[in-house]
Amino acid sequence: EMEFIAVLAGLLLATQIVAHLCRRVEIPEVIGQILVGIIAGPAVLDWVHLNSMMNEFQEIGVIILMFIAGLESDLSLLRKYLKPAVVVALLGVIVPIVIMGPVSYMFGFTKLESLFIGVIFATTSVSISVAVLREFNRLDSREGATVLGAAVADDIIGVILLSVMISVINGSSNSGHGNGQPLGIVLLMQLVFFGGTYLLIRWLAPYLIHMSDRLLTVASTSVMAMIICLGMAAIADYVGLSGAVGSFFAGIAVANTKHKEVVDRSFIPIGYAMFIPLFFVSVGLNMRFDNIGESFVFVIVMTILACLTKLLGCGAGAKLSGFSMPSSYVVGSGMVARGEMGLITAQIGYEAHLLSPMYYSDVITVIIIATVLAPFILKNALKRSANELE
């Protein structure tokens, strides 16, 4: 697989150069990394394809990215803003389903496909917003904490909706996630998972990290953190949740220990040196522009709705929770990106035949355009709210 290693080196070089240029013109670097994938991949030059190795690498990228987000999300802040986070998440799920579902139906999708498209756009990928919020040093602000909290709640609601849909279409689900278990058992496993997560955060992670201090190995604390991160991702995946949800909670658990700083310092280079850029590149590699002419109107309309439903839904949730207008705008725009959560949901549904191959690429295109627009909307919101603070 030496060829893969050469491709890896080339892609990492390209993402570094493009990310640097993006920083110069003040665009989030993730957009540059997605562009590298679009240009090098099947959409434009057709040099690089998503193979199984690349898939594994980008999967680890998502997991590490979410682990770092969990690590840097302050639990005391999350507790403080639990109510607004839940209100924001609920409105952010209901509005896209209620608006984008019927609109898809008008475009000639079946009822089931329309509902599923609503569910895809009910997801939020917080990783891109995290990158922008971190750039502006607003990750641990009231808005940042609400966005993070709402994204977690959003994921959980979205995953449950997806499990229900897959189970409905398969009677008693014999395919798809949850290893072919009936819905009741899948939901039970997911409840047990969240119960276990609580135990992990309270007792298990602090104990394991404390134990790792006594090991006479190199970087034992970071290795133990990696074990917790990957282990939680694997378990989450097993119970039919996304691995990213598991690693996010693993990050929260490790953040609860006194070694948070050490782990953070070691994980950022591990993630950003290889895995995280490859995740964003692979998003670009998923793009195809074959029948873009026919689906042009659909893509434009859905992209506008994808941005507006989260902006207005989540923004309204923030306003209801007592945020000012500029702050509500920050929260709403922080929830626009669908990123990996949207892509994962679309992929799972596609495999479960909730979406026909013909439209799969269109939906992915909308997810990516909305994800590319999201950081610009969020930057605009942050600058406005910063002016208000001054």
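In which hand does H3 pass H7? The reply is in point 3, along with a few other notes on this predicted model.

1. **Overall build.** Helices do all the work in the secondary structure here: there are 16 of them and zero strands. The C-alpha atoms fill a box of roughly 60 × 55 × 50 Å along the principal axes. A compact globule of 390 residues would have a radius of gyration near 21 Å, and the protein's 20 Å agrees with that. Buried residues account for 55% of the 390. If you take contacts between residues at least 6 apart in sequence, 80% of them join residues at least 24 apart.

2. **H1 against H2.** Helix H1 covers residues 2–24 and helix H2 covers residues 29–40; their axes are 8 Å apart and the packing angle is about 135°. That angle makes H1 oblique to H2. As for the hand, H1 and H2 cross in a right-handed way. On the H1 side the contact uses Leu-11, Ala-14, Thr-15, Val-18, Ala-19, Cys-22 and Arg-23, and these meet Glu-29, Gly-32, Gln-33, Val-36 and Ala-40 of H2. Sorted by class, the residues of this contact are seven nonpolar, three polar and two charged.

3. **H3 against H7.** Back to the opening question: H3 passes H7 in a left-handed crossing. The two axes come within 10 Å and cross at roughly 55°. H3 is therefore oblique to H7. From H3, the residues in the contact are Leu-65, Met-66, Ile-68, Ala-69 and Glu-72, and they meet Val-126, Ser-127, Val-130 and Arg-134 from H7. The class count for this contact is six nonpolar, one polar and two charged residues.

4. **H3 against H12.** H3 also packs on helix H12 (residues 260–285), with axes that come within 7 Å and cross at roughly 135°. By that angle H3 and H12 are oblique to each other. The crossing of H3 and H12 is left-handed. Their contact has 22 nonpolar residues, with four polar and three charged ones.

5. **Glu-59 on H3.** Worth a click while you have H3 on screen: Glu-59 is in this helix, which runs over residues 52–72. Its relative accessibility is 45%, so Glu-59 counts as partly exposed.

6. **How covered is H7?** Helix H7 (residues 126–135) is mostly covered, with seven of its 10 residues buried. Those buried residues are Val-126, Ser-127, Ile-128, Ser-129, Val-130, Val-132 and Leu-133. Val-126, Ser-127 and Val-130 also turn up in the contact with H3.

7. Asn-137 is not a glycine, yet it has a positive phi of about 55°. This residue follows H7 and is found in the loop between H7 and helix H8 (142–169). With 65% relative accessibility, Asn-137 counts as exposed.

8. You'll find Ala-219 in the loop between helix H9 (183–212) and helix H10 (220–238). Ala-219 counts as partly exposed because its relative accessibility is 46%.

9. **His-259, a loop residue.** Is His-259 buried or exposed? At 13% relative accessibility, His-259 counts as buried, although the residue lies in the loop between helix H11 (243–255) and H12. Leaving aside residues up to four places away in sequence, His-259 touches Ile-209, Asp-213 and Thr-221.

Note on methods:
Residues numbered from 1 in each chain as written. Predicted model: local features only at pLDDT ≥ 70, side-chain atom pairs only at ≥ 80, totals over all residues. Heavy atoms only, no water. Helix = DSSP H or I, 4+ residues; strand = E, 2+ residues; numbered from the N terminus. Buried < 20%, exposed > 50% of the residue type's maximum accessible area, 1.4 Å probe, protein only. Axes fitted to C-alpha atoms, helices over the stretch in contact; angles between N-to-C directions. Parallel < 35°, antiparallel > 145°, perpendicular 65-115°, else oblique. Left-handed = near helix turned anticlockwise from the far one by under 90°. Contact = heavy atoms within 4.5 Å. Nonpolar A, V, L, I, M, F, W, Y, C, P; charged D, E, K, R; others polar. Rg over C-alpha atoms; globule rule 2.2 N^0.38 Å.
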